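Please read them with the structure open.

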Amino acid sequence: MNPQMSPIRPAPAVATASTNAVAVVAFVLSLLGFSLIPVILGHIALGQIRRRGEGGAAFAVIGLVLGYLELVAIVILLVVAAVGILVAVTAS
């Protein structure tokens, strides 16, 4: 047997992309009910992920989607409250 041809070869090292911390923070804050902060952080995280080649894009996108949905819900609630106040004031 040729000494250069060893039957046991080490497996090649696999480089794993680290998860972007800002994306995780955006995701967690969106789950906690914050709306504007996850939207801002989600956009920042996506930019960092593209530039650095990191993982965590799903966290950033989910944080963005939930953040935007929460913003829409807040706007709808404010409009409904304003209309209710207006109706109550004009009715009396």
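**Notes on the helix packing**

1. Start with the contact between helix 2 and helix 3. On the helix 2 side, the residues are Leu-36, Pro-38, Val-39, Gly-42, His-43, Ala-45, Leu-46 and Ile-49. They meet Ala-57, Ala-60, Val-61, Gly-63, Leu-64, Gly-67, Tyr-68 and Leu-71 of helix 3. By type, the residues of this contact are 12 nonpolar and 4 polar, with no charged ones. Bear in mind that this is a predicted model.

2. Now the geometry of that pair. The axes of helix 2 and helix 3 lie 8 Å apart, and the packing angle is about 155°. Angles over 145 degrees count as roughly antiparallel. Helix 2 and helix 3 are therefore roughly antiparallel. Their crossing is left-handed.

3. Helix 1 also packs on helix 2. The angle between helix 1 and helix 2 is about 155°, and their axes are 8 Å apart. This makes helix 1 roughly antiparallel to helix 2. The crossing of helix 1 with helix 2 is left-handed.

4. Which residues of helix 1 and helix 2 meet? Helix 1 brings Val-22, Ala-23, Val-25, Ala-26, Leu-29 and Ser-30. Helix 2 brings Ile-37, Pro-38, Leu-41, Gly-42, Ile-44, Ala-45, Gln-48 and Ile-49. The residues of this contact divide into 11 nonpolar and 3 polar, and no charged residue takes part.

5. Next, the core. The largest nonpolar core has 7 residues: Ala-23, Val-39, Ala-45, Leu-46, Ile-49, Ala-60 and Leu-64. Helix 2 (36-52) and helix 3 (57-91) are the elements that each give two or more residues to this core. Helix 2 supplies the largest share, 4 residues.

6. Ala-45 deserves a look in the viewer. This residue belongs to the largest nonpolar core. Ala-45 is listed in the contact of helix 2 with helix 3, and also in the contact of helix 1 with helix 2. Beyond its neighbours within four places in sequence, Ala-45 is in contact with Asn-20, Val-22, Ala-23 and Ala-60.

7. Ser-35 sits in the loop between helix 1 (21-31) and helix 2. Is Ser-35 buried or exposed? Its relative accessibility is 12%, so Ser-35 counts as buried; the cut-off for buried is under 20%. With neighbours within four places in sequence set aside, Ser-35 is in contact with Gly-67, Glu-70, Leu-71 and Ile-74.

Conventions. Residues numbered from 1 in each chain as written. Predicted model: local features only at pLDDT ≥ 70, side-chain atom pairs only at ≥ 80, totals over all residues. Heavy atoms only, no water. Core = buried A, V, L, I, M, F, W, Y, C linked by side-chain atoms within 4.5 Å. Buried < 20%, exposed > 50% of the residue type's maximum accessible area, 1.4 Å probe, protein only. Contact = heavy atoms within 4.5 Å. Axes fitted to C-alpha atoms, helices over the stretch in contact; angles between N-to-C directions. Parallel < 35°, antiparallel > 145°, perpendicular 65-115°, else oblique. Left-handed = near helix turned anticlockwise from the far one by under 90°. Nonpolar A, V, L, I, M, F, W, Y, C, P; charged D, E, K, R; others polar.
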